[in-house]
Amino acid sequence: MEIIGEATNRIIKRDPSFSSKIKDANAIIGLRNQVIHAYDNISDETIWAIITNHLPLLKEEVTLLFDENHLPNL
């Protein structure tokens with residue numbers, strides 16, 4: 001979660017248009033900050049829900065971005 005959030009933050013700082021290409025980009029960055037700074041306030045259930053419900057969608061979005069930019073897939 002930390003790495004995904006940090007990568008999302010760096011991508012958006014470099015090219016703000018990615019915030020519209022990655023659904024919930026701000027929430028991803030916010031989760032990263034919460035994991036880093038307030039990890040004791042995040043429940044295991046919340047992290048598991050993110051992994052099972054949101055991570056597959058993020059993978060689809062990133063794969064699509066790779067395809068659109070003719071980059072090798074993940």
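**Surface, fold and the setting of N33**

The accessible surface of the chain comes to about 5500 Å², and carbon and sulfur atoms hold 56% of it; areas were computed by the Shrake-Rupley method with a 1.4 Å probe. The model is a predicted one, in which local features need pLDDT of at least 70 and side-chain atom pairs count only at pLDDT 80 or more, while totals for chains, interfaces and linings use all residues. Residues are numbered from 1 along each chain as its sequence is written, and side-chain values use heavy atoms, with hydrogens and water left out.

The chain contains four helices and zero strands, giving the pattern α-α-α-α along the sequence; helices are DSSP runs of H or I with at least four residues, and strands are runs of E with at least two. Along the principal axes, the C-alpha atoms fill a box of roughly 40 × 25 × 20 Å. Of the 74 residues, 24% are buried (under 20% relative accessible area, 1.4 Å probe, protein chains only). Among contacts (heavy atoms within 4.5 Å) with a separation of 6 or more, 48% join residues 24 or more positions apart.

A closer look at one residue follows. N33 sits in helix α3, residues 25–37, and counts as partly exposed because its relative accessibility is 33%, partly exposed being the range between buried and exposed (over 50%). The side chain of N33 makes a polar contact with the side chain of R32 at 2.8 Å (N or O atoms within 3.5 Å, one able to donate a hydrogen and the other to accept it; for residues adjacent in sequence, both must be side-chain atoms).
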